[in-house]
Structure formats: C-alpha cells, structure tokens
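Let's take a walk through this fold together, from single residues up to the whole chain. Keep the viewer open as you read.

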Amino acid sequence: MSAVPDLDEVAGEWVTAGDLGHLPSLRNQRGQAHVNHDLTSVSWLAAPPFTGGYHTGVLSVDDVPLTAQRFLWKPWGVSREHRDDRILVRSDTAMAFEADRLLWRITVTNTGPSPTKIKIKQQLYGTIAHSPQGWGWLHTVPWNAHAEHDYHALERIRATTFADVPYLLGAGPRRMRLGRPRLPGIQRDEETAPMLLEYELPRHVSADTVYPHRSSVRGAVRGLPGQTGTAELTDDTEVVLDSFALEPGLLISGEFRLDDPGHDGVLFTHGNTPDSLQVGVEGGRLWVAISGEREIAAEPLVPGRWHRIAVGVAERDVTCKVDGTEVARTGHWTRAVRWRPTVVDGMVTVNDTRSPAVAAYAFSVPPDDLAPRGAGALATWLLDLPPGQSAEIGFVCAYGTGDVTHAAQAGAAGLDAAFAATETGWRDLWRSAFTPGNQTFSGHLPVLSTPDAGLSRAYYMAALLALYLRSTTAGRTTPMFLTGGPRLGATTTYFWDHTEWSRMYAMLDPAGLREWLTRALSGPYEESFGFDLWGGGPLGNYYVANDYALFRLVEHYVGVTGDVAFLSVTAGSRTVREHVERLAYGFADRRTAATGGVLADFGPDAWTVLECVPGYVNAMASFNAAYVKMLRSYAALLRHLGEDADAVVADGHANTIAAAVLDLYAGGGRWQIAHPSGRSAIGHVLDFGLVAASMHDDLPAAYRDEMVSFVQESLLAGPWMRALAADDPMAPFSDRPDHGAGGAFGAWPGVTAYGLAKLGRPGLAAAVLGRTPLAASGGLWGQAMELVPGPPAGPAAVFGPAASSGLAASSGPAAVRARVAGRGVANRDSIAGAAIAEAVIAGLFGVEPGYSTLGSSRPGTTVSVLGLGSLSNLNLRPAPQWAGTS
C-alpha cells in the first residue's frame, strides 16, 4: 500500500487559460458540472434528478467581470486565478462530496504598495430544475421556454462569461426547413461539416423524453427566402430550403395561412431546433423561439386568412411581426421568466415555477448589499485592503425540493470545513480503491510499483479517472460508472467504453459489474450503444463494437472473480451463457458474398462504427479480428465446461476468419476494408489495436514489424497520438479529434500500448503510456485529445522510427502538444482513458484472467517484471494464468 501515491501527486497542476481547449469539470459522486471562463460561474450542472441551465453567475471587481487567467483542477474542486497590477483574486469552487451543494470561496489580495478599496459583485442565479425524466446522453437542460438539450446555445452562453458577446446567433449558414422539425441534437452548426447527420439523429435521449412541437403546423406558407411557390403543410411535411446565416439586421418574411388553429406545430426552423431560430403556432397564436427563449403573441391568427409574417434578427433579440404589428420579442436569459428570486434574512432563494426545484444561497461573510436581480440576485461586498493583506468571502448554493435553506446556511457557516470535508471524501475514496475489504467497493485495484515515474503517474491517473466517473445516484440503487460528461451523458453508460477497463472494473467492483452486466444484457443491445442508468432504457443507435465489448466484459468478470455460476443467470430472455454464445457468433448473420462468405460485413453506416470516419464501414479488419479472439476464448470456456466438440467448431470458425483477416493486410502496417464495390486501404488505430490484441500469434513477423513502424511513424505524436494517419485519404473528411487525424480518443493510447506489448515491444508500450500524463491539460484525459502546434510538454516532442524500445526526442516545426479538446462536441471527462491502466495490468504485466485461465494455477497477489517493477494487491479470485516473471 505504501506505493500508492497521494492524490496531489496523481493529477492537478496549474494551467494557463490559453493552453486549455476544454475547461475543467466538477464532480462529487452525485453530480457534475463545468467551470467557465470567469472566476466563479458554473454551467452544465447535472445531479439527477436536478439539472441546471445557463450559468450560476459571474464575479466582477469594480464593475469589471474578471476572466480566469489560469486554472488548477483537483478531484475535489477547481481553483481559478486572475492577477493584475493591483490585486490577485483566487476562487475555489467545489461540489460538496455526495451532497447537493455548490461551494465557493474567493480570496482577494492587495498586491500593490498602497491601500486600495475594492468593490466585489457576484451574480447569483439559481436556474435549477427538478427533472425526474428526460435523461440519457442528451439529458434535459432547463431553459426559460422549455426543457431539452440545447448544446450549441448553452455553449454560446458559456462564452459570454469570457466577454460580453451576443449569444443568440449561431455561426455560419444553416438550412431553413418548413414544417416538421428535426429532433434536437448535437450536430455542429455548420451544415456542410464532415459526417454531419443531415436529417435524422439516433435516439440519444431516454425513452421518457417528450419534445414539444414535433409536428408541422396545418396551413400554407409562401414567399419565404429561397421558397418557390406555395407549400401546403400537414403534420409530417418537411420542406428543405436554402442555407443562410442569421446575422444582425436580417429580416425573414413571407405569408402564412393557418388552417387548423386547434393543432399546434412548427411553421419553420432555421438550423437545429431549439438552438437556432424557430417559428410556430400554439393555441392558434404565433410564437418565435431562439436559444432557449420563446415568446408568444397575445392574439390568435385568423384561420383561413393570409397573414404577413416578418421575423427580425438582431444581436440580442428577435422580433416577430404579424401584418406589420409587433407581436413578440425575445429577451435576455437572465430575466425573471421561469425562476423567481426572493431575498430574506440575508439569504437568496430561487424557486422554479415549472418544477418543485429550489435553490438557496447563503454567505460566509454577509454582503454589504443583497438584492433580487432577474433570475437570481446580486451580492456586493466593499473591501478596504492594506498592502499585502487579503480578504476572504464565500457562499454556498444548496439545491433540492422543499426547504434547502438550512443546508445552504450550514455550509456557509462552516465553509472551510465544508471544503475540507469534500477533499477528505475524495481522499478516503482513493484509499479505499486500493484497500482489500474496504467499505466502499466490493473489490480493489492493484498497486503498481515502478521506477518509471511517468508510467506510475499514468497508471494512477487512469485509476483516478474511473473513480471520478463513478456515480452513487445515477444508477438509482447501486453505484455505477458513467461514460463521460459533463456536457453530455450525465446518466449514460456505453458498452464499448466500459470494455476499455473491463479487467479493472472486475477487480475494483465485481458486484457492481455483475449488476451492470445483468442490466446491459437484459436490454436490446443489438439496437443501442448503451443504456441510461437513471431510467434504464436503451440509448442511441447500434454500435458494431457491442458484440466485442459485452463478450469481453462478461469474460473478464468471470475470469477475475471465478463466478462461473453467473453464466447460468437469466438476463432478459436468455441466460448469460446464451448471450455469450450469441455474441461470439455475431459474425454469422453478417457474412456476405463480397467477403467470400467469411468476414462479417457491418454495413454502410459509419455512425455504427467510428461515427466520423466515412470510409470505415463494411468488412474491416478490426472487429473481424475481434471475432477471432472471441471464438477462441469461447472455445476455452467450452473446454472448461467439458464441451470439447463444440470447442473444436468454434476454433475452426476462428481459424477461417483469421485467414481472411490476414488477406486484408495492405502492407506498411495498414489494413484493407472489403466493400461490396471493392477494397480500400486505411491507416487507423482501431485496426492496429484489435488485430494486435486478437491475432498477434497469427501475424507473420514482417506484418508485426510493419505494424509497429506504422504506429511509430504515422500515429504517435507528442505525448499522445492520432487515431487516423494524417496522410490517409479519409483524413480530410474526418476532422473530429477523437477518431480522426487531428487527435485520438481517450482509450486509443492504452489500446495501442497493449497491442505493442502483444507484438513484443513492451519497452515502446511503456514509453507510450508514460508520456500520456503530459496531455491531460492539468487534469485527466477527455473523450477527444487534440494535437495542436506548440512546444512539447516534456523532453520528447514526437515519436520517431528509431524508438524501438523507447521514444526518440525531436523538436522543431514538427513538435506538437496535446490537450483535451472542446470542439467536435467532445466531453471533458471520458472513462475510456482508464484503458491506460488496463494496458499496464494486461499488456505490461500480463495479468489477463479470462476463460482460458479458469482452473489454472494462481500466481499470488503480486506479479513482477524485470526492469519494470511489480503489480501487487491483485484481486484475482480464480486461479489465473499469467505472463509475468516472479
């Protein structure tokens, strides 16, 4: 246990704002949120069943809002600083550990030579809702006008915490659509961007989500921009017009005839509802909506009569006129529209008029002035500071239903203790994760002891990442682990992401994994990418990775725990054993003539595979290689169960597919994809990772060497890597920084390192892993890690072909650094990064419990590898077969 580092050594260092592509997050095992560009505000609060809209309010000094110049992330909170030639302002923001409270502490220091008077103002918004429904990947976010996920609008509002800029209008041209709107989604603003879904979205929301105005109005429209003739609109009508940008001074006008005033619906939408401009009818009255604001006319339209409709766009509002008379005008989001504040006895209470949610603010130091302001209040402190002296103020926001004022007051009265208790909660959780017989988890994690400081930090950062994504409430009954967040997926779990740390999961919390697997296998995993922990329903579209992911998760659970009896448990309409067989033979119904009747062809939809790589479809090497591994593992299980004849059949299928996969080799470490129209070569990390992991013993020596060289020369870069080779023909069409050429998903370095280890290059694998902490943007790794120009974060800038057992140093114009990406609708946190620790356990130390190790001799609790160190405290209940050296 002495080898487990202190949490301060694992993650958290000051980072300048300009070096960040994605600002830090907050979590407390119950909820999550994002800090913003200023010194205090928080957005994307999601602590089911509570969710927050907009932001909590900006701090200003002498009436000037201050932006954060640098950030420090710790698991228990985020510090922000701003310094000028007169003062230093530091803020600490935290979500109280396992409590529905936000904590703030602001320290102001006079750094000048003279006494100074300082006026501190803090906005206090409480735009929080109680939302028992509508979770999933696109979880419900409350707005003045509605409650739905409005990604782009909220990101534009977050940007206003950096500068006073308009937030209503999205950038770039977007299509005008008449009639039935599209489902709200997370598409980029620019309609022509690569891999943008044009007309439909997978269902990324829970089944209980209900969107308003899903139908077209019933009537007719003519004369709108780009429209030819008259469009007759019925419930499902959708007419696509030209693209244009919303710009100040724009006037959108035309004529509209309402035929059915009793039917509510949408007249037209510019871009995506609800983040762009939309006009519709409700109760016979015209309404206009944009970026969370919605205003409705006082008087109804006259049915059957042509009305002149004119919508005027400005930087800060949108107006709607009917027959020359203004009938609606949007306002700023801070108005007291939905949320109503009261100030009593030095406290602020904000009530949501559309749900039972209440937010209450209390103060450690009473403000000199406190008054209601819009959807919250404004607090003012007047400070008189001598040179070198500091003053500290603080406040707490408690949220819930009923009376939450006592929780806010208690937190504010003992603010330092509240911060300390939050830090203690995280430290206790950290220690428990490595302690056998702890009271928090049903298992524990291994302890790594190594002289390689970079590798050690990478391993423990990956372990912390898993703990950071844990939620005690999203799963309703049992603590479970989330896939990402905070902007997306507040209650969501993906099958694929969990398999990236499946052995760790089974060691840390076998009881939790058993329940998660039972839930996952009970749902329609052939139609979804995961499920909503809160509501339990399936989410999204099918992923090609599902067979591989779920098979591996079951195998590693059984291999780690020895719980073979789990195979007899019923999950849905099948036993787990029947699910395992179905997953292993998932290729059978996908074989096509184009692949010689052998390889699985996964179809033409890129959104079921990597989403943003348009050519990565049909029969690719990666998941066909995964079936080879699955079939051989299943054969091992069959032999353990005494079913040798069926094991021979499974091995036969594996060998046949393996030969066909080898036939896809394109040379130079790259692989071909078999399409119905022919073959194309691609250089993607997923082919390297899954082929190396699944078929390393099948690969000729030349293939192995070329695959390693390809990774070194075309994928590894700076402290991270790219998912797709920069010279690949698909690179210009795949600009997302998780699966394209501009960066890589949080799991890919771990997957790559594991593959390198299986190909006999453990030194290079360890070096790849040991560099990853330099990419974490002062915290932990995110969903997408982008490569950007700049000085290297350490002694080596890029990986070179000479790095046979380590990394080659490089500098100059090719030098790049990596950071957590904010663009491309990427999450700040992603549990997939735990694959880095998984690669240490399985790749470097060879601890790989599975079906083939059932009944074999046990190595004990420690595995040592010469020159690398030891992995102790192993929680392996069966007798595994292992590859380390004692």
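A residue counts as buried when its relative accessible area is under 20%, as exposed when that is over 50%, and as partly exposed in between, using a 1.4 Å probe and protein chains only. One thing to keep in mind is that this is a predicted model, in which local features need pLDDT of at least 70 and side-chain atom pairs count only at pLDDT 80 or more, while totals for chains, interfaces and linings use all residues. Numbering runs from 1 along each chain as its sequence is written, and side-chain values use heavy atoms, with hydrogens and water left out.

Start with Thr349. Is this residue buried or exposed? Thr349 counts as buried, because its relative accessibility is 16%. You'll find it in strand 27, residues 347-352; strands here are DSSP runs of E with at least two residues, helices are runs of H or I with at least four, and both are numbered from the N terminus. Contact means heavy atoms within 4.5 Å. Leaving aside neighbours within four places in sequence, Thr349 touches Arg340, Pro341, Thr342, Val358, Ala359, Ala360 and Thr405.

Next, hop over to Arg590, which sits in the loop between helix 10 and helix 11 (621-640). Arg590 is buried too, with a relative accessible area of 19%. Again setting aside neighbours within four places in sequence, its contacts are Tyr542, Asp547, Leu599, Ala600, Asp601, Phe602 and Tyr627. For a sense of distance, the C-alpha atoms of Arg590 and Leu168 are 47 Å from each other, and these two residues are 422 apart along the chain.

Now for how helices meet. Helix 9 (residues 546-561) packs against helix 10 (residues 576-584) at an angle of about 140°, and their axes are 9 Å apart. Axes are lines fitted to C-alpha atoms, for helices over the stretch in contact, and angles run from 0 to 180 degrees between N-to-C directions. So helix 9 is oblique to helix 10, given that angles under 35 degrees count as roughly parallel, over 145 as roughly antiparallel, 65 to 115 as roughly perpendicular and the rest as oblique. On the helix 9 side you have Asn546, Asp547, Leu550, Phe551 and Val554, meeting Val576, Val580, Leu583 and Ala584 of helix 10. Sorted by class, that contact has seven nonpolar, one polar and one charged residues. Here Ala, Val, Leu, Ile, Met, Phe, Trp, Tyr, Cys and Pro are nonpolar, Asp, Glu, Lys and Arg are charged, and the others, Gly among them, are polar.

What about helix 5 (residues 453-468) and helix 17 (residues 835-844)? They pack at an angle of about 120°, with axes 7 Å apart, so helix 5 is oblique to helix 17. Leu455, Ala458, Tyr459, Ala462 and Ala463 in helix 5 meet Ile836, Ala837, Val840, Ile841 and Leu844 in helix 17. The class count for this contact is 10 nonpolar, no polar and no charged residues.

Helix 15 (residues 748-758) is largely enclosed by the rest of the structure, because 10 of its 11 residues are buried. Among them are Trp748, Val751, Tyr754 and Leu756. Gly760 follows this helix, with a positive phi near 85°.

Finally, zoom out. The protein has 17 helices and 51 strands, and 64% of its 886 residues count as buried. Its C-alpha trace spans about 80 × 75 × 55 Å along the principal axes. Of contacts between residues at least 6 apart in sequence, 70% join residues at least 24 apart.
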